[in-house]
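Reader: I'd like to go through this one label by label and hear what stands behind each word. Can we put it up and start?

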Amino acid sequence: MPKPKPSKKDSSRQTNAQPPQPQQKPPLTPDWPPLRPLIPSSDLLLDPILPDQIYLIRNFFPASLCKNYVSFLSSLPLITTPGKPKKGEAVRVNDRFQIQDATFADILWRQTALRELVTNPTTEDEQPLPLKEIWGGEPLGLNANIRVYRYSPGQFFAQHYDDSNTLSFSSPSTPSPKPARTTWTLLIYLSICSGGETIFYPEPTRANRNPEAISVAPEVGMALLHRHGDQCLLHEGSEVTNGEKWVLRSDLVVAR
């Protein structure tokens, strides 16, 4: 049975706003491992699980790259989130690391298949899709706010919405700042586990007054894009029951 859903009209709805974490010293920029090997965009597909809301890219990272990244990320100073969240925030129990790294965000955008798949979206019969309508504007790249999540057995992320953020976007390949905003969440699963599914709860419509939940189980190397902000679906990260779920997180940034 789907869990009760908080109303989107409720100003106190639980969100994943993710404000910058206060720290005495900013964390050192990680020496990220090279993103190789990689699979070319011609061999990958932007798979619509729910058109205009949820897309998957299977094998976005090869298994060998994921293994290398999990080993590297394990060495980072992860911080366990507090069991009691701030008012208006959803309950989240996991270990995380957060860094502002425009260089790595640019590498993740330009050196992988992501940029090609996002800027040239097509249907299964190779028909082009309206770029700005899908992504909410002209895609510029990825949010420099890079997050790493590790969910161990018993850890989860309760039902919430991901907020959109306005920002001034710049990167090594786009040095002149541009007014921008985030419109889609990007999750890259680096491991498999028991439990840990990302579960979405579509809004009822006249045609379907009781839509079924959409459950996405972690797959090694799979990328998930889902719309956030005002059009975000209520979703949760279910409890991990065995193994560890490692996730690399950023956001799609578009011009405003």
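**Labels and their cut-offs**

Reader: Why does D52 count as partly exposed?

Author: Its relative accessible area is 39%. Buried means under 20%, exposed means over 50%, and partly exposed is what lies in between, with a 1.4 Å probe and protein chains only. So 39% puts D52 in the middle class. Before we go on: this is a predicted model, where local features need pLDDT of at least 70, side-chain atom pairs count only at pLDDT 80 or more, and totals for chains, interfaces and linings use all residues. Residues are numbered from 1 along each chain as its sequence is written, and side-chain values use heavy atoms, with hydrogens and water left out.

Reader: What makes the backbone of D52 worth a note?

Author: D52 has a positive phi, about 70°, and is not a glycine. Most residues other than glycine have a negative phi, and most peptide bonds are trans. You'll find D52 in the loop between β1 and β2; helices (H or I, at least four residues) and strands (E, at least two) are DSSP runs, numbered from the N terminus. N59 also has a positive phi, about 65°, without being a glycine, and its place is the loop between β2 and α1 (63–73). With 45% relative accessible area, N59 is partly exposed too. As for peptide bonds, the one from R36 to P37 is cis, with omega near 0°, and P37 is in the segment before β1 (47–50).

Reader: How confident is the predictor overall, by average pLDDT?

Author: The average pLDDT, which is the predictor's confidence in each residue from 0 to 100, is 90 for the protein, and 88% of the residues score at least 70. Residues 7–12 fall below 50, and beyond near neighbours in sequence that stretch has nine contacts in the model, a contact being heavy atoms within 4.5 Å. Residues 19–23 also stay under 50, with six contacts beyond four places in sequence.

Reader: Why is the pair of Y55 and W135 called tilted?

Author: Rings of Phe, Tyr and Trp (its six-membered ring) pair if their centres lie within 6.5 Å; planes under 30 degrees apart are stacked, over 60 edge-to-face, and the rest tilted. Here the centres are 5.9 Å apart and the planes at 50°, so tilted it is. Y55 sits in strand β2 (residues 54–57) and W135 in helix α4 (residues 131–135), so the pair ties together parts that are 80 residues apart in sequence. Both residues are buried.

Reader: How do you know that the charged end of K245 sits over the ring of Y151?

Author: The rule asks for NZ of Lys or CZ of Arg within 6 Å of the ring centre and within 35 degrees of the ring normal. The charged end of K245 lies 4.4 Å from the centre of the Y151 ring, and counts as sitting over that ring.

Reader: Which strands make up the open sheet, and in what order?

Author: The order is β4-β8-β15-β12-β13, with antiparallel pairing. Strands pair if DSSP finds at least two bridges between them: β8 (residues 156–160) and β15 are joined by two, while β12 (residues 198–201) and β15 share four. H235 in β15 has H160 opposite, and F200 also stands opposite H235.

Reader: Why are β4 and β13 described as edges?

Author: β4 (92–93) and β13 (214–216) each have a single partner strand, so one side of each is left without a neighbour in the sheet.

Reader: What makes both faces of β15 covered?

Author: In a regular strand the side chains alternate between the two faces of the sheet. In β15 (residues 234–237), L234 and E236 on one side and H235 and G237 on the other are all buried.
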